[in-house]
Amino acid sequence: MEEPKLKELVINRDWCKGCGICVHFCPKKVLELDDNEKAFAKRPEDCICCKLCEFRCPDLAIEIISSRGTARRAPTKGLLL
Amino acid sequence: MAIRDYIRERFFPHIWCPGCGHGMVLNGLLRAIEKIGLDKNEIVMVSGIGCSARIAGYVDFHTMHTIHGRALAFATGIKMSRPELKLIVPMGDGDALAIGGNHFIHAARRNMDMTAIVMNNRVYGMTGGQYSPLSGYGTMSTTSPYSNIDHAFDVVELSVAAGASFVGRTTTYHAKQMADILGQAIIHKGFSVVEIMSQCPTCFGRQNRLGSAIDMLEHFKENTTPIGSKAKQKNPDLIERGIFVQKKMPEYCSEYEKIIERAMVTVHHRDRRGHREYN
Amino acid sequence: MNENLKFIQGNEVCVEAALYTGLDFFAGYPITPSTEIMEHMAKRLPKIGGKFLQMEDEIASLCAIIGASLTGHKVMTATSGPGFSLMQEALGYAIVAEIPCVIVNVQRGGSSTGIPTHVGQGDVMQARWGTHGDHAIIVMTASNHQDVFAITVDAFNLAETYRTPVILLFDEVVGHMRERIFIPKKGEIPLVERLRASVKRGVDFHPYLPREDGRLPISDFGGVNRHNVTGLAHDMWGFPSDNPQVVHGLIRHLVDKIQNNTHKIAKYKEYYLQDARTILISYGSAARSALHVVENRRSRGEKLGLLELQTLWPFPYYLVQEKCADAKYVVVVEMNMGQILQAVKVSVDRPERVFLANRIDGVFITPTDIRNILRLIEGKGV
């Protein structure tokens, strides 16, 4: 089966509270906090689409859209990468 | 449907603190509901009072934010009067087991089809960090400033003893397991209890020097283990995760349907004295 | 024999009346002297496909019926003093969330556990102010079985009209006494059915925005209009708000919708008031003794009259003032330390002419008790 490929890593900056859970638990260290304490994808090319960041985000601020996932409309306020 | 279709986006970002486990419970619950494919109109969420209770405002179901500890009693009335609805009752640890402890055990005993979620962060967060019936011996809080001498309930053992027909436990760290257990609990026909160990870095974590939300999640990872694992045999202090009870038992609303049938049959019977029973 | 003629307890009459209105959900907890209500409900409800629940306490009982009301059912619970005390928080919730329900309190004697099998009327003020915070409430009572029936039906009608809990404040004597009653035929007493929201799917729905006539349509849980119900101060969408304007508007709405309609809500009966020099004001079972005294004295030519209140709250101040305008003496007959007495004193132009004839020992107040007070007031000695 083909590995899922990251199409978009959507982070809603208005909802993100910068707890850093996604950053810490990402198995590939894709995410980091920026100067405003908001998560962003520093190394999106390393993402393996395990979606653990999305599942664990307490603020419902992350969405992983992968080539195999169910693509849907992007959130209105999301930061597209 | 994506999980964002199940929430009331206009109220986000939510009121919970950065790193609060309750947001992770909301996240897992929505994933469970999405996977089952329930319609928003068939779900009723009833919550009590406290940080946990605010969850009801964020989901786009029929929602009821009630009074402290009584969520299960309200849910019982809703379910009984309209059994086709799916009832989800998220509660905090103090909400479910201190002020609401009596309703909790009686709801378990009655086995009416609904899902009780105990969002266990071991503290009263909304009021600023007092000990709860799940804080446990030796914990610090604003009302146990010299250490807590109250012992904690074991939610799983309590629920099993009270007769719940589905009992599960997981943590916010185990996000996939959480969604899985919640999904099975919702599908289960009968009273289901899911204890989700949740972190409160602001009140419980700070007072007990447990570090950040991340440290607390690491703690869940290290101090829990699947039910019956070898690790548990080696270290009995580990807390078990998984589904402890999942059994078929007569469900209350279905049983009451039988009562209705029985009562209707006797409508035209005459009683022993030969009088027609008055109806 | 007329099938609708019965000789039953007051508690059972209350059940008959509730079923007459279309009630199909009851939850309760056993407590003297109201238990017969739940016993009869347990027997009667499943026969009509209704639901009966015996809950773990009175708090849960009221919570359960509030929940059931939200799914579109007419609901009731019944209790007595101690149980009524437990219900106060949920009662406030139903008031603020505007959920129709009927709560019966068959009053016992005494305070605290008191004297459960005896009579009292000590919960009048608790019914008015028992739950915390500003609110208005409808509290009704009756002195005989025919009235118990009518007032119970009325309670359901008012609960639906104003989207509010209504309290039926009966007492042990009325609850346990057996008396003749004609059950009215279907349709004889008009019923108020719930006003439902007719908002189409997708249209912005305001569950807490009253119509021009002040009534608030409901959308049942399980329907297409999903909304939030909360005891927090809330906006017209039902979501929590601490906006001062919103909070002010909510409290005014909750109080005004009832206080401003006192003249419509207030039920009473009057006997020989047109030329009465001494007016007895009473309610519930105490009014039976008061009426006995009035009729007895009328037969001797004395100008006594009785104003029997059936709506205690909102208190009909205007009515009491008007009826007592020409009275030399006003005597409030009740089985407590003077709870309605205070409201009467506020109503009349000359409060120094208002007296109390009471009993607080759990024994039903007799005509002799009232007569003794009248002799004292009239300066005739005991």
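Visitor: What should I know about the numbering and cut-offs before we start?
Guide: Residues count from 1 along each chain as its sequence is written, chains are lettered from A and ligands numbered from 1 in the order written, and side-chain values use heavy atoms, with hydrogens and water left out. As this is a predicted model, local features need pLDDT of at least 70, while totals for chains, interfaces and linings use all residues, and side-chain atom pairs count only at pLDDT 80 or more.

Visitor: How much area do chain C and chain B bury between them?
Guide: Start with contact, meaning heavy atoms within 4.5 Å: 47 residues of chain C touch 46 residues of chain B. Buried area is the accessible area (1.4 Å probe) that two parts lose on being put together, summed over both. Carbon and sulfur atoms carry 58% of it here, and the total is about 3800 Å².

Visitor: Which residue of chain B forms a salt bridge with C:Arg226?
Guide: The rule wants a side-chain nitrogen of Lys or Arg within 4 Å of a carboxyl oxygen of Asp or Glu, and it counts two salt bridges between chain C and chain B. In the one with C:Arg226, the closest N and O atoms are 2.9 Å apart, and the partner is B:Asp60.

Visitor: Which element of chain C gives the largest share of the side that touches chain B?
Guide: Helices (H or I, at least four residues) and strands (E, at least two) are DSSP runs, numbered from the N terminus. Elements giving two or more residues to that side include helix 1 (10-20), helix 2 (35-44) and strand 10 (228-230) of chain C. The largest share, eight residues, comes from helix 3 of chain C.

Visitor: In which sense do strand 2 of chain B and strand 10 of chain C pair?
Guide: Strands pair if DSSP finds at least two bridges between them. B:Thr63 stands opposite C:Asn228 in strand 10 of chain C. Strand 2 (residues 62-65) of chain B and strand 10 of chain C share three bridges, and the sense is parallel.

Visitor: Is C:Gln9 buried or exposed?
Guide: C:Gln9 lies in strand 1 (residues 5-9) of chain C, and its contacts beyond four places in sequence include C:Glu36, C:His145 and C:Met177. Its side chain reaches the backbone oxygen of C:His176 at 3.3 Å. The cut-offs are under 20% relative accessible area for buried, over 50% for exposed and partly exposed in between (1.4 Å probe, protein chains only). C:Gln9 has a relative accessible area of 12%, so the label is buried.

Definitions and conventions:
A polar contact is a pair of N or O atoms within 3.5 Å; within protein, one must be able to donate a hydrogen and the other to accept it, and residues adjacent in sequence count only if both atoms are side-chain atoms.
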